[in-house]
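Please open the model in your viewer and keep the selection panel at hand. The tour below goes from one selection to the next and says what is to be found at each stop.

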Number of protein chains: 2
Amino acid sequence: MSKVLIVEDEHAMSVALKDGFEFEGHDVTMAADGETALRLAKELMPDLIILDVMLPKMNGLDVCKQLRSDGYDLPIIMLSARGQEIDKVLGLKLGADDYITKPFSFMELIARVEAVLRRTSANKAQQKTVSFGSVKIDLAKHEVRKNDQLVELSSRELRLLTYFIEHPGEVIERDTLLDAVWDHDNPPLTRTVDMHVAKLRKKLEDQPSNPKHFITVHRLGYKFVID
Amino acid sequence: MSKVLIVEDEHAMSVALKDGFEFEGHDVTMAADGETALRLAKELMPDLIILDVMLPKMNGLDVCKQLRSDGYDLPIIMLSARGQEIDKVLGLKLGADDYITKPFSFMELIARVEAVLRRTSANKAQQKTVSFGSVKIDLAKHEVRKNDQLVELSSRELRLLTYFIEHPGEVIERDTLLDAVWDHDNPPLTRTVDMHVAKLRKKLEDQPSNPKHFITVHRLGYKFVID
DNA sequence: GGTTGGATTTTACAATTTGTTTACAACATT
DNA sequence: AATGTTGTAAACAAATTGTAAAATCCAACC
């Protein structure tokens, strides 16, 4: 039994999918627009998301992109109407796991669902965790512990930390961090980066005022060192 | 300073872009149609291409596609008029690095240009290390070691050292160093160079008062010798 | 609608670090 | 020796960073 989030605004289709998945023995949650989908996905951490491309408020591609950029690597299968072929490329590029074009038979969908679940649950076994000093991070679960004590990080803090972890040892400019961790349209001042680095130090360093991992490189930026 | 190829057929826009990029200190080449753009791109190998979607002879998407399929992976930023949203998907699919819709502010464009250049040149500069004698420099990590011992250099000292290493054996005038290592707007006195050379000697020479690598050439400048 | 609470961004100023100039002694060249 | 040049410590100036606190934003709830 898996937890499935179905995101679909056409009533007939959503009812059919719900019934179908429940008949297959899954635990189904529904969302009818992109924003709700995004919120529920983060809240429920479903095992699978069935995501229609055309949605009110926020389209499926953006939901997918947003989830990925927030660090959630939940399995996603996209649904699109025929003639939206172009979306396939982008959908996959933005991180969907599979893609199916309407109309499709329910059997076909179920087959793909199982393929995706098989693929991704295989990956799940090899938990993605990183640790440095007394800090352990489970990126999939969005959990950070220091001395086995849970530390609450905001989503921005987590994204920043993730970026650091993915680029150990490198000197990273503030502007690079703004590009990578903040949104593209209206980035804040570079000082905001300093602010957040200070927060990470406060929460994760043994001596925040004498950091060992989040290192300042004067005039250039910051450097994350694991040891 | 980067070489930029601007491909735009509307006169007003192309003049504005040219002026803007030249003001930013870039070396600008213009093209007004797709075929010319393609030829110039291959000929000049610019650091960046600003490519309008709507062009005579061959549209921007085709130019982009053609370049990619010919194996050129120059950074490309596409410009399109509002309402050509669909192009975004296609543009990215065909290999553009970023995309901006008219009308846009020049600041916005510049921000994206810088992001793209950073992304692409970051890949270029990876694992760039230089060394001389017992000194090794890892520019990405901002680390200098003498006999495997870490030496702390400020960013200006590091830039100066890098310049010396890239010009071994040459007699280099103080003014040349001011141009290359200091910023262009308000250069300090030439004596500041002496100051910094002294610092490098102190940190890197075995006998700072009897230097073997950072050699004074009386009345002319300095010379860096490797052995 | 408005309100609340948390996250995020901006601001402001102190602390720190780096960079520049000065001053004078030492040195090189004629 | 006279003159211009260089070495370098120390004083000074400027730029960068740390961080608390204020302002703003935003989503959730009434």
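## DNA strand D

Begin by selecting A:Arg201, where a polar side-chain atom lies 2.7 Å from a phosphate oxygen of DNA strand D. Before going further, note that this is a predicted model, in which local features need pLDDT of at least 70 and side-chain atom pairs count only at pLDDT 80 or more, while totals for chains, interfaces and linings use all residues. Residues are numbered from 1 along each chain as its sequence is written, chains are lettered from A and ligands numbered from 1 in the order in which they are written, and side-chain values use heavy atoms, with hydrogens and water left out.

Next, move to chain B and select B:Thr216, which has a polar side-chain atom 2.4 Å from a phosphate oxygen of DNA strand D. The elements to colour here, each giving two or more residues to the surface near DNA strand D, are α8 (190–204) and β11 (214–217) of chain A and α8 (190–204) and β11 (214–217) of chain B; helices (H or I, at least four residues) and strands (E, at least two) are DSSP runs, numbered from the N terminus. With six residues, α8(B) gives the most to this surface.

Now widen the selection to the 26 residues that surround DNA strand D, of which A:Arg191, A:Thr216, B:Arg191, B:Thr216 and B:Arg219 are the closest; a residue is near a strand if one of its heavy atoms lies within 4 Å of it. Of the atoms of DNA strand D that come within 4 Å of the protein, sugar and phosphate account for 59%. Coloured by class, the surface shows nine nonpolar, four polar and 13 charged residues, where Ala, Val, Leu, Ile, Met, Phe, Trp, Tyr, Cys and Pro count as nonpolar, Asp, Glu, Lys and Arg as charged, and the others, Gly among them, as polar.

## DNA strand C

At B:Leu189, show the backbone, one N or O atom of which lies 2.8 Å from a phosphate oxygen of DNA strand C. Around DNA strand C there are 23 residues, and A:Ser154, A:Leu189, B:Ser154, B:Arg156 and B:Leu189 come nearest. Sugar or phosphate makes up 80% of the atoms of DNA strand C within 4 Å of the protein, and the rest belong to bases. The largest share of the surface near DNA strand C, five residues, comes from α8(A), and by class the surface divides into eight nonpolar, ten polar and five charged residues.

## The two domains of chain A

Finally, colour chain A as domain 1 (3–125) and domain 2 (129–224), bounds that come from an automatic or database domain assignment. Their C-alpha centres lie 31 Å apart. Between them, five residues of domain 1 are in contact with four residues of domain 2, contact meaning heavy atoms within 4.5 Å. No salt bridges are counted between the two domains, a salt bridge being a side-chain nitrogen of Lys or Arg within 4 Å of a carboxyl oxygen of Asp or Glu.

Conventions: Polar contact = N/O pair within 3.5 Å; in protein donor to acceptor, adjacent residues only side chain to side chain.
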